[in-house]
Amino acid sequence: MAAAQGAGSSSAGPPGAPVSIPGHSSSTAVAVWEWQDEFGRWRPYRGDVCRFIEQGFQASQQKGRRSGSGLVSSSISLGHADASLAPYVIDIPSLTQFRQDTGTMRAVRRHLFPRDSAAEQGIVWEWQNDERGWFPYEMNVCVFLEQAHASRHQRVDLGPLGYNYEVDLVAQVQTNKTTRFCRSVRRRLDNPYPVTAAPAPLHTGAGCSCQQCWLNGGTGPITTRFRHSVTNFPNSSAAPQVSGRTTSGSSSGVGFVPYNKPALSGARSTPRLNAQSSWALPQAGGAVGPSTGLSTSNGVSALNLPVKMSKPSKLNQALAAAPTDPEAVVKKYLVEVKGTPADEDCIICMEKLASPSGYSDACECRTIKAEMVGRLTNCQHSFHMLCVLAMYSNGNKDGSLQCPSCKTIYGEKTGTQPKGKMEVSTFPQSLPGHRDCGTIQIVYHISRGIQGPEHPNPGMPYTARGFPRYCYLPDNEKGRKVLELLKVAWNRRLIFTVGTSSTTGESNTVVWNEIHHKTEMDTNLSGHGYPDPNYLDNVLAELAAQGVTEDCLRK
């Protein structure tokens with residue numbers, strides 16, 4: 001279990017009774033507590049568990065007011081709300097969830113919603129992954145969907161909330177606007193979330209710097225400086241969902257999601273990033289053999305698999321030639337804008353472009369100043385150059401950039417896939433839906449190892465469950481093109497990553513990374529097999545979103 005997803009009963013009193021806050025107005029709101037997974041998504045605790053957390057939070061506030069010190073040091077054991085959550089403890093002052101048996105720490109946040117919202121009614125909207133499991137949207141998305149549902153809208157766009165999806169509320173289908181892949185959604189009634197006293201009436205206008213916006217997070221108004229968070233960037237959506245149309249466990253890409261910004265090593269409030277330091281990108285690549293025995297290796301790990309490379313790969317040569325110094329990368333892909341910049345926000349720090357970068361106190365640089373604005377050479381989107389520098393310094397430092405607005409990739413994007421081996425063979429048996437050709441079989445081998453500096457927990461072991469993994473393509477022209485592009489993606493370390501399994505909840509394990517594979521030949525009841533007339537086109541779109549296109553085969 002990656003983090004607590006509360007369920008069970010609570011001893012926090014009757015469901016409708018608001019928790020009072022002495023010294024404040026009697027207006028009330030609904031409090032929703034959420035935990036942040038490793039992909040930057042916020043997942044709400046169940047309503048009854050939220051009520052238990054809220055009770056502990058209010059008790060801590062009251063103690064702090066009596067002592068005159070604000071929030072006092074206090075922790076909440078979630079096992080008191082649900083026995084299955086016994087390993088989890090929330091530290092109130094730092095808003096951190098701690099798992100006692102593994103040491104995993106995750107951010108938590110508290111949101112206040114209006115009394116007439118989906119939160120008070122206990123209405124949750126969920127999306128379905130490939131293993132037919134259901135995952136709740138962030139509560140602000142649930143509220144948005146429920147408002148549209150109540151207004152009898154048929155279709156809504158989640159773009160304003162930072163997601164690259166459309167939802168058909170009648171058909172209950174979510175569609176990725178880039179790949180057009182569809183997945184099921186559902187509306188479910190659960191325990192209502194707790195009603196609590198609010199310091200002031202909630203409002204939903206533009207973000208401001210009032211105490212309510214400052215303290216209560218990303219739903220409705222948000223302090224502009226902290227409106228978004230950035231870590232790594234996704235392929236085709238602003239906030240990717242785990243798993244997809246076939247087998248895919250998770251994604252390391254995290255884009256822009258509407259929540260307070262703790263991730264990019266902070267802004268104005270955290271230790272400075274040293275933009276001059278970078279870890280050496282591990283060499284990746286391998287020899288590509290004949291179709292009946294291809295083997296390539298890449299990545300970093302404590303384990304060295306016995307794969308020989310007769311000569312340096314094109315990827316190694318490209319990485320050696322690519323500038324990885326952060327300042328050099330930023331200046332390579334951005335052209336400084338002279339004169340007064342446009343009257344718009346930098347979507348990285350959410351400050352006006354005419355104002356200094358929100359990361360001026362968090363990132364040191366000799367030649368890039370806080371007020372400098374740059375425009376990306378191809379897509380023409382503009383940002384503070386220092387914000388782009390901080391974004392790059394927080395990622396793989398592989399010499400590539402991805403536009404945080406349109407996702408255009410500059411340079412060659414690489415991932416964090418551990419070292420392993422890819423084998424390819426063919427056999428004459430046909431796949432359902434492709435009776436006119438044989439089958440390509442891909443076998444991926446990855447062994448357990450030690451996480452590198454690019455992984456979630458450097459120095460800690462990672463597991464590799466379910467290997468070797470067998471995958472299948474039709475042996476026709478399009479299938480062979482997909483195969484060649486998958487070889488490129490493998491060499492760029494994009495097919496797997498280290499994260500948390502959406503199936504088992506295990507952390508620090510090798511998972512799929514948003515390039516979907518067919519792992520079954522003759523049944524598609526699970527979505528992992530054939531026939532699937534759209535699969536090859538869909539996976540080509542996913543590869544292109546990672547910067548892996550036919551142009552890569554011509555290099």
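## Basis of the description

A residue is termed buried when its relative accessible area is under 20%, exposed when it is over 50%, and partly exposed in between, using a 1.4 Å probe and protein chains only. The model is predicted: local features need pLDDT of at least 70 and side-chain atom pairs count only at pLDDT 80 or more, while totals for chains, interfaces and linings use all residues. Residues are numbered from 1 along each chain as its sequence is written, and side-chain values use heavy atoms, with hydrogens and water left out.

Helices (H or I, at least four residues) and strands (E, at least two) are DSSP runs numbered from the N terminus.

Helix α9 (residues 535–545) is largely enclosed by the rest of the structure, because eight of its eleven residues are buried. These are Tyr535, Leu536, Asn538, Val539, Leu540, Glu542, Leu543 and Ala545. The elements covering the buried residues include β22 (401–402), β23 (409–410), β28 (469–474) and α8 (477–491), where contact means heavy atoms within 4.5 Å. Just after α9, Gly547 adopts a positive phi of about 85°.

## Packing of α8 against α9

The axes of α8 and α9 come within 10 Å and cross at roughly 30°. Axes are lines fitted to C-alpha atoms, for helices over the stretch in contact, and angles run from 0 to 180 degrees between N-to-C directions. The two helices, α8 and α9, are therefore roughly parallel to each other, a term for angles under 35 degrees.

From α8, the residues Lys478, Gly479, Lys481, Val482, Leu485, Leu486 and Ala489 meet Leu536, Asp537, Val539, Leu540 and Leu543 of α9. By class, this contact of α8 with α9 comprises eight nonpolar, one polar and three charged residues; Ala, Val, Leu, Ile, Met, Phe, Trp, Tyr, Cys and Pro count as nonpolar, Asp, Glu, Lys and Arg as charged, and the others, Gly among them, as polar.

## A three-stranded sheet

An open sheet of three strands has the order β18-β20-β21 with antiparallel pairing, two strands being paired if DSSP finds at least two bridges between them. Its edge strands, each pairing on one side only, are β18 (334–336) and β21 (382–384). On average, neighbouring strands of this sheet are turned by 40° against each other, direction ignored.

Strand β20 (residues 373–376) pairs with β18 in the antiparallel sense over three bridges, and Leu334 stands opposite Leu376 in β20.

## Helices across the sheet

Helix α6 (residues 326–333) lies across β18 and β20, running at about 80° to β18. Helix α7 (residues 385–393) lies across β18, β20 and β21, and runs at about 80° to β21.

Technical notes:
Parallel < 35°, antiparallel > 145°, perpendicular 65-115°, else oblique.
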